[in-house]
Amino acid sequence: MELAGNEKKIQALFRELKLEDESVVPGFVRLWNRAQATSRKPRRAFKTSFALATGLLVITLCSLAYWSRNWQRSQPQNSTVAVRSTTPGSTPARPPATPEPKQLVPNKAPDRIRANRPRRLTNPKLETRNSEPETTHRQAQLTFRNATLREAVAISSWQSPTATLMQSPADDVLTKLPQLDRSVTEFKSFLPNTPK
Amino acid sequence: MDLSELQAELERLHVPSFGWALSCCRRDRAQAEEVLQTVYLKILEGKARYRGESNLRTWLFAVIRKTAISEQRKSFLRALKSKAGPNLTTERNSFTGEPAAEFERSEERQRFQRALECLPARQREALHLVFYEDLSLREAADVMGVSIGSARQHYERGKKRLRESLAREVSDYGVSWKRKENPGAVS
C-alpha cells in the first residue's frame with residue numbers, strides 16, 4: 001500500500017507507538033503458562049446462584065402443592081360455613097314464611113340416601129367387619145349432601161333484606177287491575193262508602 | 001494444526017497480538033494482558049478453533065477483538081454491580097499513566113494518542129490494522145467482521161478525522177499541519 005503526504009506521517013506515528021508498545025509486551029511463555037494453569041484447574045461444578053435458584057423453585061413448588069391440597073380439603077367445609085353464616089345474616093327482617101333449611105334437610109336427605117344405599121351384606125361377620133368404615137363413609141356422604149341441600153335451600157329462599165320495606169297493606173289494589181266487565185253491584189260492594 | 005505448531009505460531013504473533021489487544025482495550029495494558037491470556041485459554045480449551053479458513057493472523061486478531069469486547073462488557077457490568085465506576089476509571093487512568101510517562105518525551109506522540117482516542121472505535125480499528133499491523137484492507141475487513149467497502153469507508157473517514165484533529169492540536173501550538181490530501185493513496 002503506497003502512502004503519501006500525511007499518511008506517511010500517520011504511519012510514522014503508528015510506528016513510534018508500536019515501538020513503545022513492544023517495550024512493554026508481556027512474555028508469551030508467562031501468559032501461555034498462566035492460561036494453561038487456568039485451563040487445568042477443575043471447574044467448580046457447584047454454582048451458588050444455580051443452587052439458590054433451584055432451591056427457591058423447589059420451595060415454591062412444595063408450598064404450592066401443600067396449599068392446593070389444603071384448599072381442596074377446606075372447600076366443602078367452607079361452603080357449609082358460608083351457608084350457615086349467610087342464611088341468618090342476609091335475611092334479618094324477613095318473616096319466617098319459608099321453612100328453616102335445617103328442618104328440610106333431615107326429612108328429604110335420608111330418603112335419597114336410602115334409595116342409593118347398596119344392599120346389605122347377609123354375612124353377619126362381614127357385616128361387623130365392614131360396619132365401622134361403612135358408617136363413617138355414610139356419615140361423610142350424609143354431611144356432604146346435607147351441606148349441599150342447605151346451600152340449595154338457602155339460595156332458593158334468599159330474599160333481599162330490604163324486601164319487607166317494599167310491602168304495603170294496599171299491595172292488592174296496586175297489583176290488581178279493576179275489571180270492566182264486572183257488574184255494578186260488585187263495584188258497589190268493592191267501594192266502601194257508596195250506598196248499596 | 002497441532003497444538004505445538006499453533007503455540008509456535010502464536011509465539012511468533014505474540015507482539016502484534018499484544019499491540020492489537022492494547023488498541024482494542026483503549027491502551028489499557030493490564031486489560032490487554034488479561035484479554036490475551038483469555039484468548040490463549042480459549043485456544044487451549046478448544047473454544048476458539050482455527051480451521052484454516054483464513055489467515056492465522058486474521059483469525060487470531062478477530063478472536064482478540066471479540067474477547068476484548070466481551071471483557072469490556074463484563075467489566076462494565078462488574079462496575080455497575082459494585083457501583084465502583086469512578087474507582088475503575090481512576091484505576092484505568094493509572095494504567096494508562098505508565099505509558100503516558102514515556103510519552104511525555106514527545107509532545108507529538110501525546111497529541112497523536114489523544115487524537116486516536118477521539119476516533120470512533122471502528123475507524124480507530126481500521127487505522128490500527130492498516131498502519132500499525134500492516135494488514136491490507138481486505139484483511140482488516142475480515143478482522144473487523146465487516147465488508148471490504150465498509151472497512152474502506154472506516155479507514156478513509158478515520159484518516160480524515162485523525163488528520164483534522166491532529167491539525168487542530170498542532171494549530172493550538174502555532175504550527176500549521178494542514179496539507180492537501182492525496183485521494184489516490186489508498187489502494
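What follows is a close look at the packing of helix α2 and helix α4 of chain B. At what angle do these two helices pack, and which residues of α2(B) meet which residues of α4(B)?

A: The model is predicted, and for that reason local features need pLDDT of at least 70 and side-chain atom pairs count only at pLDDT 80 or more, while totals for chains, interfaces and linings use all residues. Residues are numbered from 1 along each chain as its sequence is written, and chains are lettered from A and ligands numbered from 1 in the order in which they are written.

Here pLDDT is the predictor's confidence in each residue, on a scale from 0 to 100. Chain B has a mean pLDDT of 80, with 78% of its residues at 70 or more, and the model scores ipTM 0.72 and pTM 0.51. Over residues 85-95 of chain B, however, pLDDT stays under 50. Where pLDDT is low, the predicted coordinates should not be read in detail.

Two packed helices are described by the angle between their axes and the distance between the axes. Helices are DSSP runs of H or I with at least four residues, strands are runs of E with at least two, and both are numbered from the N terminus. An axis is a line fitted to C-alpha atoms, for helices over the stretch in contact, and the angle, from 0 to 180 degrees, is taken between N-to-C directions. Helix α2 (residues 14-24) and helix α4 (residues 56-82) of chain B pack at about 30 degrees, and their axes lie 9 Å apart. That angle makes α2(B) roughly parallel to α4(B), since angles under 35 degrees count as roughly parallel, over 145 as roughly antiparallel, 65 to 115 as roughly perpendicular and the rest as oblique.

From α2(B), residues B:S17, B:W20, B:A21 and B:C24 meet B:L60, B:F61, B:I64, B:R65 and B:A68 of α4(B). These residues divide into seven nonpolar, one polar and one charged, where Ala, Val, Leu, Ile, Met, Phe, Trp, Tyr, Cys and Pro count as nonpolar, Asp, Glu, Lys and Arg as charged, and the others, Gly among them, as polar.

One residue of α4(B), B:F61, leads on to another helix. Leaving aside neighbours within four places in sequence, B:F61 is in contact with B:W20 and B:V143, a contact being two C-beta atoms, placed from the backbone, within 7 Å. Because B:F61 has 27 C-beta neighbours inside 10 Å, this residue counts as buried; the cut-offs are 20 or more for buried, 12 or fewer for exposed, and in between for partly exposed, again with C-beta atoms placed from the backbone. B:V143 is itself among the buried residues of helix α8 (residues 137-144) of chain B, with B:E139, B:A140, B:A141 and B:D142. The C-alpha atoms of B:F61 and B:A140 are separated by 9.3 Å, although the two residues are 79 apart along the chain.
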